[in-house]
Amino acid sequence: MTQKSVDRATQEMIQIAQDQNLETTWDRWEKQQPQCGFGQLGVCCRICNMGPCRIDPFGGEPRLGACGANADTIIARNLVRMIAAGTAAHSDHGRDVIHTLHLAAEGRGDYVIKDPFKLRKLAVEFGIKVDGRSDTEVAKAVAEFAGRMFGQQEGELPLVSRAPVKRQELWRKLGISPRGIDREVVEVMHRSTMGVDNDYRNILMQGMRAALADGWGGSMIATEVQDVLFNSPQPIR
């Protein structure tokens, strides 16, 4: 059990699953052994229909995929597509949370605003007027503002301004400050497609920009708006 998890509660649940003859992710993983060595090294590509292509990890042939991609390009493409998938999943969660806030503001659905202080704090950060407006009016404006971050095409995501100034400057210098959440996911898929970009450095830089769109976009939006809907967490004994 200690080899499967360091968490004692998880170890206990694994033991219960074994006692009840329930299959877990560890059981399914063990059935996969030995896993594909090419896949583990990232040198297997099945992005296009001419694949799967695989590169000899020991320097022999084949050294290039059908499209001419070498090992570095194939590994970079595989990595950034996983980043794009993660960004899409986390950020679409944020999109659903925004939609829920919008419904709550209109009095529809089963959710209500439980932390109006956090709501107004967010609104001020977004440059939204709060004086003389009801919580529901502010909530609707916040939901609309946050929703626009997904389709934003140019500039920077507003929440990037929360990062330390030196970090923001570095991201701008590298050209990886995220412009819009959906924009960066789409560009990863575009850039990593056969016949578009073969330079692993460019591909990885776009992967970083998509990752920042997740952390300083979709995921952060989800966290903030969930506090508004469910109340901000407080330490308890």
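Colleague: In which sense does α5 pass α6, left-handed or right-handed?
Modeller: This is a predicted model, so local features need pLDDT of at least 70 and side-chain atom pairs count only at pLDDT 80 or more, whereas totals for chains, interfaces and linings use all residues. Residues are numbered from 1 along each chain as its sequence is written, and side-chain values use heavy atoms, with hydrogens and water left out. Helices (H or I, at least four residues) and strands (E, at least two) are DSSP runs, numbered from the N terminus. With a crossing called left-handed if the near helix is turned anticlockwise from the far one by less than a right angle, and right-handed if clockwise, the passage of α5 over α6 is left-handed.

Colleague: What is the orientation of α5 to α6?
Modeller: Two packed helices are described by the angle between their axes and the distance between the axes. The axes are lines fitted to C-alpha atoms, for helices over the stretch in contact, and angles run from 0 to 180 degrees between N-to-C directions. For α5 (residues 116-125) and α6 (residues 135-151), the angle is about 50 degrees and the axes are 10 Å apart. Since angles under 35 degrees count as roughly parallel, over 145 as roughly antiparallel, 65 to 115 as roughly perpendicular and the rest as oblique, α5 is to α6 oblique.

Colleague: How do the residues of the contact of α5 with α6 divide by class?
Modeller: Taking contact to mean heavy atoms within 4.5 Å, α5 contributes P116, L119, R120 and A123, which meet D135, V138, A139 and V142 of α6. The division of this contact is six nonpolar (Ala, Val, Leu, Ile, Met, Phe, Trp, Tyr, Cys and Pro), no polar (the others, Gly among them) and two charged (Asp, Glu, Lys and Arg).

Colleague: How are α4 and α6 oriented to each other?
Modeller: The axes of these two helices come within 8 Å and cross at roughly 155 degrees, and the crossing of α4 and α6 is left-handed. With that angle, α4 and α6 are therefore roughly antiparallel.

Colleague: What classes of residue make up the contact of α4 with α6?
Modeller: On the α4 side the residues are S91, G94, R95, I98, L101, H102 and A105, and they meet T136, A139, K140, V142, A143, E144, A146, G147 and F150 in α6. By class, this contact of α4 with α6 has eight nonpolar, five polar and three charged residues.

Colleague: Which residues of α8 make the contact with α4?
Modeller: Helix α8 (residues 181-191) packs on α4 at about 155 degrees, with the axes 9 Å apart, and the two are therefore roughly antiparallel to each other. The crossing of α4 and α8 is left-handed. From α4 come V80, R81, A84, T87, A88, S91 and R95, and from α8 come I181, D182, V185, V188 and M189.

Colleague: Is F230 buried, partly exposed or exposed?
Modeller: Buried means under 20% relative accessible area, exposed over 50%, and partly exposed in between (1.4 Å probe, protein chains only). With a relative accessible area of 45%, F230 is therefore partly exposed.

Colleague: What is the relative accessible area of W171?
Modeller: In helix α7 (residues 165-174), W171 is linked to W216 of helix α9, 45 residues apart. W171 is buried, because its relative accessible area is 9%.

Colleague: Where does P62 lie?
Modeller: Most residues other than glycine have a negative phi, and most peptide bonds are trans. The bond from E61 to P62 is cis, with omega near 0 degrees. P62 lies in the loop between β2 (53-54) and α4.
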